[in-house]
Amino acid sequence: MIGQLALRNITYRPWRSVLMFFGFGIGVAVMIVLLSIGEAMLSQARNEKLVGGGSITVLPEGLDVEVMKTGGIGGLFFSIDHASFLYRQLFGSLRFAREISAVAPQIEGRLLYVRAPNGDEYPAIASGEIPSATRAVGAAPEIISGKWENDDGDRRWIAPTPAELRHEIDHFHTPSDSIADKETWAEWHYFNVLSEGGKRWAFVSFIVGGDVTGTKWGGQLGITVREQGGATRRFGATLDCSRVRFSTTDANLDFGDSHVTVLPDGDYEIRAAAREESRDGSSGAGRIQINLRIRPAPYAYFPGVSMGSGGFVSGYTVPALRASASGTLCIGGSCEQLTDAQAYHDHNWGVWRGVTWDWGASRAGQYTFLYGRVYPPDGTASIPPVLVYLIDSLGFRGVFRPRLISYEDGRTVLMGTTVLHVPSRATFSDARGEDTLRVDISVEDAIATDTRPRPAAKESERGDPLGSDKAHPYFIQMKGTARISGRLDGTPLAGSAIGFFETYR
């Protein structure tokens with residue numbers, strides 16, 4: 001009966017029936033295709049080797065997974081910045097040793113150009129892996145003949161020695177061709193050391209300034225010794241380029257008889273000698289000699305960041321965010337012996353004329369934090385958020401981005417006949433999902449430096465060595481106590497300790 005009705009309906013409306021059959025056929029075909037694609041994707045998801053091995057694949061932010069699979073042109077220029085840092089301090093760190101059993105860095109299908117001896121270039125698609133790591137995640141290829149083992153470059157990428165790590169992140173640089181005013185280039189090693197009792201400290205800077213690609217450049221050694229609430233003594237020495245040695249492959253720096261040297265165990269040896277400067281910039285009778293060994297704490301470093309556009313470059317790294325210093329600091333015939341004193345070391349490079357910044361670094365109990373932001377010389381540029389970088393004894397702990405720093409200018413500093421109001425307190429905070437951080441800084445001491453060029457005068461040992469923004473010409477260096485509070489991964493944050501902070505007024 002049903003068959004007879006269907007047959008009569010087809011003969012009664014044949015074209016309508018054909019159209020219905022055609023539509024039904026298309027629907028069935030689309031369903032078959034979708035089911036086939038789903039089955040293929042499920043098969044790929046279950047096949048670890050198709051996604052590089054392991055259980056989780058970490059990709060560059062913004063990369064479409066389908067682009068990665070098909071090798072589209074949109075995936076050519078993606079990369080994971082500071083991948084080795086992420087490997088050492090996050091995925092392969094002791095902190096997650098129970099959760100992560102193996103990690104393998106891999107580069108797939110990267111476009112390279114091979115240059116022949118005759119100068120011809122050929123495009124090539126290359127991949128890169130670290131053999132031992134790839135084997136650990138179960139994605140090692142079948143080796144038909146020969147060996148596939150780690151070389152020395154693989155070892156340095158995964159686990160550099162302390163000295164290799166210092167040279168990797170703390171070496172010097174040269175300005176690129178995109179920088180028009182290369183004479184404004186400056187780069188320096190900076191150290192601060194807090195004496196026992198926390199009432200005396202020293203800032204030490206080895207500055208290389210000028211067009212280092214030519215002959216019109218030189219070095220400046222600057223040392224400031226400060227007694228809390230008391231005297232500030234400045235020492236300095238200027239050297240021409242023939243007496244300065246720096247390298248773009250290592251962190252060692254020679255300034256005549258003074259130097260910064262990375263020792264085989266990764267410690268820094270600092271030897272510096274300079275004469276005291278009078279108020280008019282001339283050399284005085286006093287003389288300082290520093291002989292220190294700076295020992296960075298394990299995992300306590302910031303890998304570095306470089307930003308810039310339109311000829312402006314600002315680079316910064318912190319090889320020793322938490323460190324100790326041992327040795328002697330002698331002024332005249334009086335020497336102070338330091339043993340495991342609180343210390344810090346960073347490295348700056350770039351174009352600095354007219355550039356200002358907010359900066360600070362402090363211990364806070366078991367934690368150590370670093371914050372900062374740079375204001376480019378173009379005053380019309382938007383104000384960047386503050387970067388706050390937090391570590392503990394196992395290294396990287398978290399990053400926060402407060403929008404602003406609230407200063408309370410409750411202290412005064414006398415600059416000649418000018419009374420300058422400087423911070424007495426500073427506060428900033430941020431929330432990243434359920435994680436929160438608040439930092440409260442109480443300033444205990446502050447000194448100011450007028451960075452505007454003056455005839456026959458030396459510039460600040462750390463503040464803009466090439467002249468500052470005239471609207472904010474005073475470089476403020478502060479010492480105080482920082483306190484942190486908040487929560488991170490459900491754990492309360494708390495701690496306080498002495499730190500150093502900078503801003504401009």
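Which residues is serine 314 in contact with, leaving aside its neighbours within four places in sequence? Here contact means heavy atoms within 4.5 Å, and the partners are Val305, Ser306, Met307, Trp349, Trp352 and Val374. Serine 314 sits in strand 13, residues 314-331, and is buried at a relative accessible area of 6%. Buried stands for under 20% relative accessible area, exposed for over 50%, and partly exposed for anything in between (1.4 Å probe, protein chains only). Strands (E, at least two residues) and helices (H or I, at least four) are DSSP runs, numbered from the N terminus.

A word on the model: it is predicted, so local features need pLDDT of at least 70 and side-chain atom pairs count only at pLDDT 80 or more, while totals for chains, interfaces and linings use all residues. Residues are numbered from 1 along each chain as its sequence is written, and side-chain values use heavy atoms, with hydrogens and water left out.

On to the cysteines. The structure has one disulfide, meaning a pair of cysteine sulfur atoms within 2.5 Å. Cysteine 330 and cysteine 335 make that link, with their sulfur atoms 2.0 Å apart. It is right-handed, with 110° about the S-S bond. Cysteine 330 is buried at 11% relative accessibility, whereas cysteine 241 is partly exposed at 24%.

The loop holding tyrosine 299 runs between strand 11 (283-296) and strand 12 (302-307), and tyrosine 299 is partly exposed at 37%.
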